[in-house]
Amino acid sequence: MEERFGFLCGVVEGFYGRPWSMEQRKVLFKWLQRWGLNTYLYGPKDDLKHRMLWREMYSEEEAVHLKALIQAAHACGLQFIYALSPGQDIIFSNSYDVVLLKRKLRQVAGLGCKAFAILFDDIAHTLCQVDKDVFSSFAHAQVSVANEIFQYLEEPCTFLFCPTEYCNSLCYPSLAKSAYLKTIGEELLPGIGVIWTGTKVISKELTEESIKEVQEVLQRRPLIWDNLHANDYDSKIVFLGPFKGRPIRLGPHLQGLLLNPNCEFEANFIPVHTLGSWFRSIHRMRKYSARSDGSATKEESGAYCPEDALCRALQDWTEEIGKSVLPGRQTLPVEDKSSTNSEPKMSEKQGSHITTRWSHCKSAIDGPEEDCEIPKGPQPYHSSEGRPSVPCQSKGAPDIIPNETATVWKPCEIGENREQETQVLTQLDSASHELEASHETPGLDDLHLLVDEWRSRALHFKQECDNLLHLHSRIIKSTNQAFLYDIYPYVWDVRNTTLLAKAFVLWLDGHVLSDNHPFGSWRNCFHWCRTIASVDLLGVEVEPWVFKGGISGEFQMMLPLGTSPELFTHPPPLFPASQSYNIRPFASKDKAELYRICRELHHKSLDPSHSLRKHPDLTGDSTAGPLLHLSPEYSFILEDDRGLCGYALGVMDVKSFVKNCETTWFPAMREKYPQGSYTEKATYPDSLLYHFPSLVHVEVLPDVLDSSVARCLATCLLLALKVNGSQGVFCEMLPTDQLHLEFFTKLGFLEIFRSDTVHHEDIVLGRLL
């Protein structure tokens with residue numbers, strides 16, 4: 001046993017957020033056993049009796065579950081470490097608090113636990129007045145309690161202590177000069193291990209030099225609490241990449257390493273799998289380090305290659321994803337498995353876990369047998385006027401390309417695919433700089449070369465976006481519902497942001513960069529690139545939470561409205577949706593279909609004898625026609641597998657637009673339709689157009705149940721208007737038409753209010769801040 005746990009390596013459940021379920025932990029234990037790891041530390045921050053209510057004993061029912069968990073860990077050959085976090089409100093000099101701490105740990109010890117940890121991380125670095133009268137410093141107070149508890153538990157083989165200064169960046173004034181850590185190193189009993197995270201809370205790399213410095217200050221080998229894959233600080237990202245940045249030569253300088261991974265349990269297969277490969281490499285290095293003849297192979301010598309480990313992990317993960325597993329690894333009760341007509345039974349609590357997956361909560365229990373029923377996927381929807389229903393896609397193991405999965409969500413780095421995708425946006429900035437830096441007007445040849453280069457990157461960007469969108473459709477096919485429900489919120493978020501970014505780049509290429517526009521228009525619309533902090537600060541070594549959102553966040557910060565996070569908030573549906581969508585600039589061939597949508601949205605309640613029935617284009621000419629004819633460069637199309645299902649039309653300068661309508665569009669309509677059948681738009685007061693100079697018109701068919709794509713569609717239009725200088729938009733609606741008011745209210749990103757009526761029309765206003 002001593003040899004097996006000489007180097008502690010495994011997983012610490014120490015994140016903020018809903019803790020994993022008991023059965024998810026049991027699955028984790030099987031993973032750890034299979035991959036040769038040896039330790040699990042229990043310390044979820046949001047378990048009330050671990051942190052906030054640390055004084056309270058476990059109830060009889062809770063104790064039964066905890067005992068079963070400890071036994072399950074031991075059965076898998078794992079050391080179970082129970083951690084307690086009393087630091088928020090403990091009074092160190094109060095003997096009653098110390099007694100309660102002993103009582104709590106004695107209860108856990110009675111359940112079979114033999115290893116413990118006392119955590120003082122993420123708390124205020126001060127003492128209350130009562131403690132100041134007894135202890136000379138904060139460190140002395142902590143050491144006093146830790147030593148007493150360690151001796152009370154009869155000095156267990158594993159007893160860990162997490163200091164308040166647990167990484168270099170938190171040390172005051174520095175690691176070498178920290179009086180706090182000096183006290184910890186000198187006065188903490190030698191049998192107590194000290195937890196450390198590295199140079200930062202989330203350390204991209206760990207080096208021998210930094211660990212040796214810590215070892216010297218603490219006067220013992222530290223145990224690394226590794227936050228490399230932790231994502232509790234950002235609800236829009238998961239880390240699926242391999243364990244890396246920790247050379248195996250660190251082994252002799254560490255007591256162990258415990259990975260604090262993603263909150264989403266199923267997202268941790270690759271991180272934990274590759275951690276096992278890293279740990280085995282340490283064993284191989286020790287085994288063959290004595291050879292002096294150089295006969296050891298690369299594998300025997302303990303070399304660890306993250307890319308090789310990733311490939312092996314992906315092969316096993318593909319098999320795991322193909323299993324039939326319910327959300328949260330929930331198992332049907334035994335008595336229900338023989339019933340062919342009944343649905344899986346869940347308690348109300350278990351059901352609530354599943355319905356709140358999009359809050360990234362963890363649900364109930366173990367994976368089912370192969371013949372267990374899987375919850376039904378999204379149902380096909382039906383439409384009118386000839387739009388056929390699309391059946392749900394068949395489910396199975398998704399064909400995930402390793403390169404796509406691995407490079408999108410690597411921890412602490414941008415990833416190969418993401419770097420290629422963001423280059424096309426960052427190049428807009430360099431392109432505008434190059435044009436503005438020239439004192440003379442650049443030659444057309446130089447400008448054409450610059451445009452061609454940008455268009456080449458834009459094409460590559462579109463291809464990468466299509467790959468991401470295709471990844472979304474493949475993941476939907478998974479029969480492993482536990483994997484699907486954990487990963488889907490992130491894939492959903494990436495899908496929507498990708499739709500938006502791709503459409504915006506296509507719009508730039510098709511309209512701003514078109515040969516029909518002067519190059520000056522291209523140059524002048526990119527001033528916003530240089531105001532984006534993320535572009536300027538990329539490459540600066542900071543904690544990962546400085547730039548949140550993963551690839552979605554990077555795209556958002558590079559777009560003109562990146563400072564408006566409400567634009568990009570798309571709550572995923574209760575059940576993963578399999579329908580695919582595309583957003584792109586309007587093309588002349590789309591006019592007939594767009595007019596069909598206008599008829600479908602506005603035609604149904606009309607009497608058959610109405611003039612609209614006799615003139616089918618009248619609705620389109622009245623609602624969308626003038627915008628398409630006079631302002632096509634601000635027109636976007638939403639389409640699904642069956643064709644067009646929505647559109648967003650805009651006008652940059654309404655004053656000029658109204659004049660053009662009066663001189664060209666209205667006269668053409670008077671000739672086309674009988675007198676009185678076509679209503680000409682009223683003029684708008686200057687007081688409105690001064691603050692809201694642009695007009696937007698967005699409509700989506702009611703059978704588009706995915707509201708997020710409608711929001712993306714509207715956001716594309718707002719981006720196009722914003723990038724060319726618009727500061728405010730408005731949309732008009734009839735008093736009886738609630739479509740636009742409800743739609744823009746649901747969008748949530750506009751500053752919305754109802755104005756006074758203008759010629760019997762209501763105006764919905766929105767500032768592009």
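## Close-up views of a predicted model

Figure 1. At 8% relative accessibility, Cys263 counts as buried; here buried means under 20% relative accessible area, exposed means over 50%, and partly exposed is in between (1.4 Å probe, protein chains only). Cys76 is buried too, at 13%. A disulfide is a covalent bond between the sulfur atoms of two cysteines. Searching the whole structure turns up zero disulfides, with the test being a pair of cysteine sulfur atoms within 2.5 Å. One note for every view: this is a predicted model, in which local features need pLDDT of at least 70 and side-chain atom pairs count only at pLDDT 80 or more, while totals for chains, interfaces and linings use all residues. Residues are numbered from 1 along each chain as its sequence is written, and side-chain values use heavy atoms, with hydrogens and water left out.

**Figure 2. Arg495 meets Asp706.** Side chains of opposite charge can pair when their charged atoms come close. Arg495 and Asp706 do this in a salt bridge, 2.8 Å from N to O; the term covers a side-chain nitrogen of Lys or Arg within 4 Å of a carboxyl oxygen of Asp or Glu. The pair links distant parts of the chain, 211 residues apart: Arg495 sits in helix H14 (residues 481-512), and Asp706 in the loop between strand S12 (694-700) and helix H24 (707-723). Helices (H or I, at least four residues) and strands (E, at least two) are DSSP runs, numbered from the N terminus. Are these two partners buried or exposed? Arg495 is buried at 3% relative accessible area, and Asp706 is buried at 9%.

Figure 3. The structure holds 24 salt bridges, and one of them joins Arg329 to Glu320 at 2.6 Å, N to O. Both of these residues are buried. They also belong to a salt-bridge network that links Glu266, Glu320, Lys323 and Arg329.

**Figure 4. Helix H18 and what it packs against.** H18 (residues 591-602) has 12 residues and spans 16 Å from its first C-alpha to its last, close to the expected 16 Å, a figure worked out as 1.5 Å times one less than the number of residues. Its buried residues include Leu594, Tyr595 and Ile597. The buried residues of H18 pack against helix H20 (618-623), helix H21 (625-630), strand S10 (635-640) and strand S11 (643-651), where contact means heavy atoms within 4.5 Å.

Figure 5. Look for the cis peptide bond from Tyr172 to Pro173, with omega near -5°. Pro173 is in the loop between strand S5 (158-162) and helix H6 (179-187). Asp122 isn't a glycine, but its phi is positive, near 55°. You'll find Asp122 in the loop between strand S4 (115-119) and helix H4 (129-132), partly exposed at 33% relative accessible area. Glu154, not a glycine either, has a positive phi of about 65°. Glu154 lies in the loop between helix H5 (138-152) and S5, and is exposed at 68%.
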